[in-house]
Amino acid sequence: MAEPILRIRQLKQHFKLGGGLFQKKNFVYAVDGVSFDLYPGETLGLVGESGCGKSTLGKTLLRLHEPTAGTIEFEGQDITHLGEKAMRRLRQDIQIIFQDPMESLNARHTIGMILEEPMMVHGIGTPAERRERAKALLERVGLPRDAVDRYPHEFSGGQRQRIGIARAISLKPKVIVCDESVSALDVSVQSQVLNLLLDLQQEMNLALIFIAHDLSVVRHVSDRVAVMYLGRVVELTDAHTIYSSPKHPYTQSLIDAIPIPDPRQRDRERIRLTGDVPSPINPPKGCHFAARCPRAMDRCVTEQPQLITLSEGHEAACFLNE
Ligand code: SF4
């Protein structure tokens with residue numbers, strides 16, 4: 001088996017709140033000990049409701065937030081504490097596409113300037129070569145070459161996301177974190193953008209981390225899926241198994257929330273998810289899902305279930321699987 005391109009171990013991102021001299025210190029446990037490997041050319045779906053920490057995890061592994069603890073390895077090199085200069089070089093290889101391209105595209109810059117900027121920062125090509133590459137990138141993502149002279153507000157949401165993708169691939173990265181990249185788009189536009197991403201993945205052997213709150217979107221693009229709840233991964237396995245044989249009640253509830261045309265297809269009781277994800281500020285000691293879990297037991301409130309291997313490549317953190 002190929003070596004992982006990205007290896008994350010016990011990664012934590014705790015944000016301090018308050019902290020005045022006589023104030024009690026509170027922490028937001030946004031990411032709380034996450035481990036996984038990502039392989040070249042694969043798509044890892046990262047799912048969970050809003051507030052589960054998946055976007056913070058995506059930004060932390062790109063070092064857009066400094067990790068509180070844990071390690072990040074890229075191609076076997078520990079990059080957890082890499083200096084800013086070395087990290088800037090590495091950002092050629094690891095890119096991110098955000099949900100709202102309008103926020104990440106400078107409204108006062110032409111599309112040409114937006115696409116050429118990363119190449120300029122990394123000293124790639126002459127101005128004429130960069131302009132030509134910007135046009136070629138636009139063509140590759142399905143936009144006209146003359147879009148280089150236009151501004152972001154002249155494009156639709158789907159077209160702006162294509163521009164975001166063009167910028168992300170401009171430096172020929174090896175990993176792209178897609179942070180809710182299609183969540184704001186209409187369903188038909190969503191599938192076009194997803195297909196574009198998958199085509200590029202094949203062409204470039206890209207590894208994708210695909211962050212979404214919607215399991216039905218992740219289902220179509222992922223090789224493996226990690227389900228996050230309140231800062232922790234609670235289940236991780238291949239995309240087929242996560243849908244056909246979920247082992248964590250939270251995963252089951254997310255799957256049960258996907259509408260199905262024929263309810264008779266279900267041979268187990270459905271779990272209806274009620275309430276919201278609890279606050280990640282000083283979360284409870286035991287299983288974070290205990291307050292919403294219909295199968296919670298006494299020990300779930302006091303003990304934290306660990307992620308254990310159930311079968312090859314399938315891990316879940318729930319006492320029901322012991
Ligand atoms: Fe539910 Fe307990 Fe399993 Fe947590 S450990 S998911 S509370 S049964």
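**Figure 1. Glu 75 in the loop between β4 and β5.** In this predicted model, Glu 75 belongs to the loop that runs between β4 and β5 (77–78). The phi of Glu 75 is near 45 degrees, a positive value, and the residue is not a glycine. Most residues other than glycine have a negative phi. The relative accessibility of Glu 75 is 45%, so the residue counts as partly exposed, the range for that class lying between 20% and 50%.

Figure 2. The buried residues of α1 are Lys 54, Thr 56, Leu 57, Gly 58, Thr 60 and Leu 61. An α-helix has 3.6 residues a turn, so residues three or four places apart point the same way. After α1 comes Arg 63, with a positive phi near 65 degrees. Arg 63 is placed in the loop between α1 and β4 (69–74), and its positive phi of about 65 degrees occurs although the residue is not a glycine. Arg 63 counts as buried because its relative accessibility is 8%, under the 20% limit for that class.

Figure 3. The ligand sits in the largest cavity. There are 13 residues around the ligand, and those that come nearest are Cys 287, Cys 293, Cys 300, Cys 318 and Phe 319. By class, the shell around the ligand is made up of 11 nonpolar residues, 1 polar residue and 1 charged residue. Phe 319, one of the residues that come nearest to the ligand, also has Arg 299 over the face of its ring, at 3.8 Å from the ring centre.

**Figure 4. Aromatic rings and a charge over a ring.** The structure holds 4 aromatic pairs. Tyr 229, Tyr 250 and Phe 289 are linked by ring pairs into a cluster. At another ring, that of Tyr 243, the charged end of Arg 219 sits over the ring, 4.4 Å from its centre.

**Figure 5. Val 177 in strand β7.** Strand β7 spans residues 175–179 and includes Val 177. Val 177 has 0% relative accessibility and therefore counts as buried. Along the sequence Val 177 and Leu 208 are 31 residues apart, while in space their C-alpha atoms are 5.9 Å apart.

**Figure 6. Ala 168 in helix α6.** Ala 168 is part of helix α6, which runs over residues 157–169. With a relative accessibility of 1%, Ala 168 counts as buried. Ala 168 and Val 218 are 50 residues apart along the chain, and a distance of 20 Å separates their C-alpha atoms.

**Figure 7. Leu 196 in helix α7.** Helix α7, residues 187–204, contains Leu 196. Leu 196 counts as buried because its relative accessibility is 7%. From C-alpha to C-alpha, Leu 196 and His 153 are 22 Å apart in space, and they are 43 residues apart in sequence.

Terms used
Residues are numbered from 1 along each chain as its sequence is written. This is a predicted model: local features need pLDDT of at least 70, side-chain atom pairs count only at pLDDT 80 or more; totals for chains, interfaces and linings use all residues. Side-chain values use heavy atoms; hydrogens and water are left out. Rings of Phe, Tyr and Trp (its six-membered ring) pair if their centres lie within 6.5 Å; planes under 30 degrees apart count as stacked, over 60 as edge-to-face and the rest as tilted. A charge sits over a ring if NZ of Lys or CZ of Arg is within 6 Å of the ring centre and within 35 degrees of the ring normal. A residue is near a molecule or strand if one of its heavy atoms lies within 4 Å of it. On a 1 Å grid over the protein atoms alone, a cavity is a set of points where a 1.4 Å probe fits but cannot get out, and a pocket is an open set with protein on both sides within 12 Å along at least five of seven lines; lining residues have an atom within 4 Å of a point. A molecule sits in a cavity or pocket if more than half of its atoms lie within 2 Å of its grid points. Ala, Val, Leu, Ile, Met, Phe, Trp, Tyr, Cys and Pro count as nonpolar, Asp, Glu, Lys and Arg as charged, and the others, Gly among them, as polar. Buried means under 20% relative accessible area, exposed over 50%, partly exposed in between (1.4 Å probe, protein chains only). Helices (H or I, at least four residues) and strands (E, at least two) are DSSP runs, numbered from the N terminus.
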